[in-house]
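Work through the exercises below with the model open. Try each task before reading its solution.

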Amino acid sequence: MVSRGMVILGRCRFWLLDINYEVKDHEPQVWIWGVDDEGRRVLIIDSSLEPYFYALLDENAYPEEVCTRIMNERAKLPLLLRAIPEQKRLFGEPVKAVKIYCQDPDVISKYARVISKLEGVRECLETDIRYSMRYLIDYDVTPSAWHEVEVEEGGDLNVQVDKVYIARSPPKRIEMNDLPKLRILSFFPVYYASKGSPKPERDPIVIIATAANNGENRIFTASEYEDRDLLRSFIDYVKSLDPDVIVGYQTNQRHWQYLMDRAKTLGLDLIVDRAGTWPHRSVYGHISITGRASIDMFDFADELPELKVKTLENMIDILGVKSLEEQKIIDEIEHSDFWDDKERRGELIEYAAEKANCILKALMEMLIYAVELSRLVGLPLDHIGKAAVGFRIEWYLIREAHRIGELIPERTEKPYMPYAGGMVLKPKPGIHENVCVLDFKSMYPNIMIEKNVSPDTYVPPSMPEPKSGVNVAPEVGHKFRKEPPGFYKRVLTQLISARNEIRSEMKNLDPKSLDYQLLDARQKAVKVITNAAYGYAGWIGARWFRKPVAEATAAWGRSMIMRSIEIAKDLGLEIVYGDTDSLFIKYKPEKVDMLVKRISDELGLEIRPEKIYRRILFTEAKKRYCGLLPNGTLDNVGLEVVRGDWANVAKITQERVLEMILKENSVEGAVEFVRGLINDLRRHKIPFRDLIIWKTLTMPVEKYKVNAPHVEAARILKRMGWNLTAGDQIGYVVIQGSGRLYERVKPYALATYDEIDVEYYVKKQIVPAALRVLSMFGVKEKDLISAPTSIRPKTLTDFFEAGKA
DNA sequence: GCGCCAACAGTACCA
DNA sequence: ACTGGTACTGTTGGCGCG
């Protein structure tokens with residue numbers, strides 16, 4: 001630090017943890033929360049960025065005149081500062097715009113409404129960019145990344161940090177990969193619910209278990225049903241530990257709201273942040289805790305496709321933290337009973353403590369990925385999980401748009417217009433040996449690059465063709481100018497080469513090293529964003545939506561796969577199946593090599609052998625198959641085994657049947673297995689949990705037109721006082737009785753084994769799952785259910801002989 | 001009133 | 001709340017039959 005007169009100057013290197021803004025007397029300040037390179041918690045305040053938005057002008061308007069007209073509104077709009085003409089682009093087209101500065105970011109939308117009515121103004125743009133995001137974009141400041149900033153000592157604010165600084169200039173990004181040593185706290189609350197879902201105005205919090213990454217485990221319990229001290233001690237503990245990251249499961253949609261409502265009921269101040277404010281709801285329904293990153297592990301459930309039923313226990317299992325078998329599981333329905341029972345209360349406490357520990361470990365499994373995604377996309381760490389895929393890519397695009405002088409289109413409502421997508425081939429049913437899967441490498445992104453498909457290169461039919469020429473999409477005829485490189489081409493080229501660089505850097509590293517893990521997380525984040533670009537282009541909610549962009553990309557994809565099939569046939573290769581960007585081919589090494597070469601020469605796209613199946617089984621159905629890999633594992637695609645909406649008993653059945661068929665060549669063995677399993681089930685020897693069928697409520701219960709089983713189960717829970725909303729997953733079982741299926745279901749927690757309609761599970765779960773595979777070998781339902789018949793099921797040999805005849 | 005069947009609703013998968 | 005293509009279960013309601 002250097003002292004110059006009264007002001008103490010210095011530099012601060014920090015890692016950006018959180019950002020918010022404050023407005024006092026219409027003067028905005030950006031507050032950047034970080035951890036510096038010596039482990040101090042810092043707050044850097046910058047008020048240098050003037051809020052602004054744009055007015056887009058009519059083509060024939062005179063910008064200077066419009067500026068005058070705008071500034072004449074100052075009587076009505078006193079916080080207007082300046083209006084300056086600017087040349088910008090919108091969807092690649094040069095446009096006349098006026099940049100309008102105004103003192104307070106919170107009045108922008110109101111001011112824009114007035115200004116958009118002025119003569120010469122077509123509409124206002126960039127009015128919906130939050131001031132803190134504006135700051136990040138304009139100064140190229142990046143969340144979850146290191147920066148250096150010139151600072152002076154800040155005043156004595158009432159905030160919980162080691163240092164407060166005033167920025168003398170915007171922070172500058174520096175390339176440093178490592179994470180600072182973050183203090184992390186996980187918590188797991190348990191509520192006492194007298195009836196149905198706990199209600200904060202009625203039901204106490206009886207336990208909050210916590211786990212911190214310094215090894216500390218704390219458990220806060222109510223004294224019987226009195227939770228004031230519990231909540232107070234929890235608040236005090238958070239303050240004293242002062243974590244940078246605070247993590248839980250379902251904290252955004254549930255727990256923070258409950259804690260807030262409960263604190264209100266008890267007359268307590270729920271201040272657990274660094275600025276003396278309550279948690280508050282922010283963008284995308286996320287709960288913000290100022291100065292800390294509040295992370296909800298539930299928001300990362302979608303990143304794990306093998307996680308079908310999104311319970312905390314399952315996530316902990318999938319992430320490899322603790323297997324389901326090792327975990328204590330107490331259903332929420334039973335929490336109150338456990339608390340009431342002095343004998344079992346300890347068990348409930350132990351359960352909560354275990355969950356808090358596992359949540360912490362689960363976060364550690366995902367943190368570097370979340371950090372890399374946050375840094376790549378430019379959204380703060382605590383927003384990135386909650387932001388849907390479309391918004392992640394959009395924020396990446398917004399940053400790029402700003403760099404190249406593109407105006408950011410407003411988010412508007414557009415009518416839904418479907419278009420044709422990828423091409424799917426009919427599979428050749430049966431078992432095939434030695435099948436090679438060829439995949440186009442990043443097909444859609446590469447098409448967009450090669451054909452310069454982009455919202456800003458689209459040439460509508462009414463527009464004259466540019467001199468540089470156009471690429472014309474097959475079938476649909478959409479035209480895209482060849483030059484200059486479009487927005488998507490630039491972005492995607494950048495992403496793909498970044499990923500290649502990362503991957504080549506990884507080759508020189510030990511896969512166990514932290515550097516490797518960081519790079520791996522980074523390349524995954526880049527891949528996700530790259531692959532989402534096509535879907536984004538066809539999303540009507542996208543700011544840069546242009547239907548022809550997505551439609552043409554898909555059309556080029558279809559023509560390329562069709563041409564590849566022609567070449568393959570020309571080479572005498574047999575195609576067994578294909579979907580969008582893949583071909584399944586009877587493997588002949590030399591000919592496949594030639595195919596790869598010819599496709600890359602002729603189509604300019606790389607296709608490569610992704611894997612070889614020793615054997616692969618197709619039914620009549622598309623998008624469903626099972627392949628045996630050289631290492632002896634099975635690839636199950638689309639079949640009941642991988643579906644979350646079949647009872648586990650059906651999945652076990654099918655998995656074993658597939659193993660018997662593909663590995664052991666034994667139809668008889670498969671049939672015997674199924675028959676045995678049915679017997680076991682009839683004698684109640686299959687675990688109850690394997691009978692639960694899970695389905696997602698996709699809308700509020702009242703909105704359903706038909707009586708579906710899971711909806712009926714949801715209605716039962718609702719009647720008992722449980723809150724259920726769209727997105728909730730309902731686990732139910734089928735019980736004995738008469739009438740429609742939906743009249744014979746119960747939420748699993750309310751049913752006993754004795755009530756179970758075993759025959760439903762036999763006829764509608766086990767048998768269909770088994771026959772999906774076995775019917776092609778002549779096996780019939782009666783072969784699986786009734787006593788053995790005289791008809792011998794066909795063997796594999798029979799099958800092949802029949803096929804050859 | 002019953003069984004059959006096609007249309008539809010609803011869900012989850014693949015790329 | 002990224003896209004379209006697809007399979008599949010269960011409900012609904014119309015139809016023929018008697």
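**Exercise 1.** How do the residues of the lining of the second largest pocket divide into nonpolar, polar and charged?

*Solution.* Start with the ground rules. This is a predicted model, where local features need pLDDT of at least 70 and side-chain atom pairs count only at pLDDT 80 or more, while totals for chains, interfaces and linings use all residues. Residues are numbered from 1 along each chain as its sequence is written, chains are lettered from A and ligands numbered from 1 in the order written, and side-chain values use heavy atoms, without hydrogens and water.

Step 1: Ala, Val, Leu, Ile, Met, Phe, Trp, Tyr, Cys and Pro are nonpolar; Asp, Glu, Lys and Arg are charged; the others, Gly among them, are polar.

Step 2: sort the lining. It holds 12 nonpolar, four polar and 12 charged residues.

Step 3: find the centre. Of the 28 lining residues, D439, K527, N531, D581 and E610 lie nearest to it.

A pocket here is an open set of points on a 1 Å grid over the protein atoms alone, with protein on both sides within 12 Å along at least five of seven lines; lining residues have an atom within 4 Å of a point.

**Exercise 2.** Which element supplies the largest share of the lining of the second largest pocket?

*Solution.* Step 1: list the contributors. Elements that each supply at least two residues include β19 (430-440), α12 (487-506), α13 (514-537) and β25 (607-618). Helices (H or I, at least four residues) and strands (E, at least two) are DSSP runs, numbered from the N terminus.

Step 1: β25 gives four residues, the largest share.

Step 2: The pocket has about 1,100 Å³, counted as the space filled by probe spheres set on grid points joined across faces, edges and corners.

**Exercise 3.** What lines the largest cavity?

*Solution.* Step 1: define it. A cavity is a set of grid points where a 1.4 Å probe fits but cannot get out.

Step 1: search. Three cavities of 30 Å³ or more turn up in the whole structure. The largest holds about 50 Å³.

Step 2: read the lining. It consists of I393, Y396, L397, Y488, V491, L492, L495, A533 and Y536. Nine are nonpolar, with no polar and no charged residues. α12 brings four, the largest share.

**Exercise 4.** Why is C436 too far from the closest cysteine sulfur for a bond?

*Solution.* Step 1: set the cut-off. A disulfide needs two cysteine sulfur atoms within 2.5 Å.

Step 1: compare. The closest sulfur to that of C436, in C626, is 18 Å away, so a bond is out of reach.

Step 2: check the total. The whole structure has zero disulfides.
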